Each structure stands twice: as structure tokens, then as C-alpha cells.
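Me: I would like to learn how to read a structure step by step. Could you take me through a few features, giving the general idea before the particular case?

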Amino acid sequence: MAEIHPTAIVDSTAEIADDVKIGPYCVVGAHVKLGSGCVLHSHVVLGGPSTFGKNNEFFPFAAIGLKTQDLKYKGEPTYLEVGDNNVFRENCNINRSTTPETKTVIGNNNLFLINSHCGHECQVGNNVILSGFAAVAGHCVINDWAIIAGCAAVHQFVRIGEHAMVGGRARIVQDVAPYMIAEGSSLRSVNIVGLQRRGFEEGDIRAIKYAYRKLFLDKKSNMQLNIETLLKEGDEKYVNNPRVQRILQFLRESERGFMH
């Protein structure tokens with residue numbers, strides 16, 4: 001049977017796994033589903049409809065699954081879906097979607113530090129870190145292993161590529177390509193240290209660095225022309241590398257443009 005503190009309030013429609021722990025003064029709202037091993041330390045507020053997988057940990061004053069802050073919201077049931085092994089630190093805030101046809105989705109093994117925020121319809125992958133006071137607006141996509149550093153602000157509809165790092169206090173208004181570091185309002189370099197820590201082969205890192213030089217260093221050039229030049233004239237051993245192909249795919253799919 002779940003361990004629920006006497007001061008906690010749990011809605012009758014909530015579905016709680018038998019080994020969940022709910023601490024003092026927590027509120028679990030209507031249509032919340034909590035999977036096995038979840039822990040709510042104290043003063044946590046969970047709204048629904050929301051689904052949480054296994055072993056998620058919630059620290060005091062986290063407010064997860066409350067209604068969207070989008071002014072277009074009309075009051076319909078909307079959704080948040082969270083995977084396994086996520087940690088939500090103090091005052092973290094993640095909203096449900098704005099429409100019933102969509103969801104806010106959080107994957108697995110993510111870390112949301114103090115006062116971090118993910119807006120409605122965000123799609124967060126796995127092993128992502130949002131540092132303290134990082135703010136991700138609605139409709140953003142944060143791919144696996146990305147890091148958003150403290151006080152960074154990410155504009156609506158922006159995509160952050162896998163293994164990318166956004167520096168502290170950065171202003172991100174366009175997509176950040178995979179494997180890169182964005183600082184201020186532009187790209188700074190390849191995320192070499194991060195890639196090395198995650199076991200990337202040196203050949204892959206060299207290929208990514210080659211693509212960075214060809215695509216991003218000339219900030220006055222036309223990106224589409226840079227891509228065409230890279231494909232026609234670039235060193236084949238680098239151009240055909242799967243990591244470089246992923247960068248090119250990401251750039252082609254961009255709707256907001258990309259930082260360079």
C-alpha cells in the first residue's frame with residue numbers, strides 16, 4: 001500500500017502504485033497516475049490528467065502537470081506524459097499541453113534543477129539537464145543528452161539538438177544544432193568535452209569539427225550554400241560520417257532557422 005502522509009491530499013481519481021511515497025502537504029490532483037517507486041518529498045503539487053512512470057522523484061514546491069499558461073487554452077482536458085527516473089528539484093514547473101490533441105512529453109533520466117520551467121507541448125528526450133532557472137517556452141523540442149545551463153531562455157518552437165549545450169544566460173531564438181555549444185545568442189564551438197565524456201570516438205569528433213568549420217564559422221555566408229558546398233566539395237570521409245549526416249538532417253528540418 002502507498003505511503004501517504006496524513007497531511008497530503010490525494011484526489012479520489014488518482015492512480016497510485018503500491019510503493020509510492022507521498023510526503024507532508026503534497027497535493028495529487030485529479031487523473032494523475034504515479035508509477036512504481038515515485039517519491040514526493042513534501043509540498044509537491046501534481047495536476048492532471050498526467051501520467052508518471054517509475055522512480056520519479058519530486059522535491060518541495062515542484063508544480064508539475066498544472067494547466068498550460070497559454071492564453072488560447074479553453075479549459076478542455078489536456079495532457080502531460082512523463083517517463084521513468086526523472087528528478088524534479090525545488091520549484092520546478094512543467095505544464096500540460098494546450099489542446100487535447102497534443103501532449104507535453106518528458107522522457108527518461110532527466111534532471112530539472114531549481115526553478116526550471118518547461119512550457120506546454122514541449123518534447124523533452126532522455127538524459128537532459130535543465131539547470132537552475134533555465135526556461136524553455138512552449139512547443140520546444142529538447143533532444144537526448146542536451147544541457148540547458150542556468151538562467152538560459154529558449155524561445156517557443158526552438159529545437160535543441162542532441163548532445164548540445166546551451167550556456168548560462170543564453171538567449172536562444174533559433175535552433176541549436178546537435179553536438180554544439182551555444183553561448184549568448186550564437187554558436188561558440190563544438191561540445192568537445194561533452195562528447196568525449198559520453199564516449200564519442202575521435203573520428204566522429206573530428207568529423208563534427210570539420211562540419212562546424214565548413215557550416216558555421218563564416219557567419220555572413222548563406223547556410224544553404226554552405227550545405228551544398230560541403231556535400232559537393234567536402235572530404236567524403238567526413239561528409240559521409242553519420243554524425244555529420246545527422247547535423248545536415250537537423251538543419252534541413254529547421255523551421256525557425258538555426259544559430260550560427
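Me: Let me begin with a side chain: is Lys72 buried or exposed?

Reply: A word on the source comes before the answer: this is a predicted model, in which local features need pLDDT of at least 70 and side-chain atom pairs count only at pLDDT 80 or more, while totals for chains, interfaces and linings use all residues. Residues are numbered from 1 along each chain as its sequence is written, and side-chain values use heavy atoms, with hydrogens and water left out. Buried means under 20% relative accessible area, exposed over 50%, and partly exposed in between, using a 1.4 Å probe and protein chains only. Lys72, with a relative accessible area of 57%, is exposed.

Me: Which residue forms a salt bridge with Lys72?

Reply: Side chains of opposite charge can pair when their charged atoms come close. The term salt bridge asks for a side-chain nitrogen of Lys or Arg within 4 Å of a carboxyl oxygen of Asp or Glu. Here the partner of Lys72 is Asp70, with the closest N and O atoms 2.9 Å apart, and Asp70 counts as buried because its relative accessibility is 13%. The structure holds eight salt bridges.

Me: Which residues are linked with Arg159 in a network of salt bridges?

Reply: The network links Arg159 with Asp175 and Glu253. Between Glu253 and Arg159, the closest N and O atoms are 3.7 Å apart. That pair links distant parts of the chain, since Glu253 lies in the segment after H5 and Arg159 in strand E24, 94 residues apart; helices (H or I, at least four residues) and strands (E, at least two) are DSSP runs, numbered from the N terminus. Arg159 is buried at 14% relative accessible area, whereas Glu253, at 41%, is partly exposed.

Me: What does the side chain of Arg159 reach at 2.7 Å?

Reply: A polar contact is a pair of N or O atoms within 3.5 Å; within protein, one must be able to donate a hydrogen and the other to accept it, and residues adjacent in sequence count only if both atoms are side-chain atoms. In this case the side chain of Arg159 reaches the backbone oxygen of Phe250.

Me: Which residues of helix H5 are buried?

Reply: An α-helix has 3.6 residues a turn, so residues three or four places apart point the same way. In H5, which spans residues 242-252, the buried residues are Val244, Arg246, Ile247, Leu248, Phe250 and Leu251. Those residues pack against several elements, among them strand E24 (159-160) and helix H2 (202-216).

How values were computed. Contact = heavy atoms within 4.5 Å.
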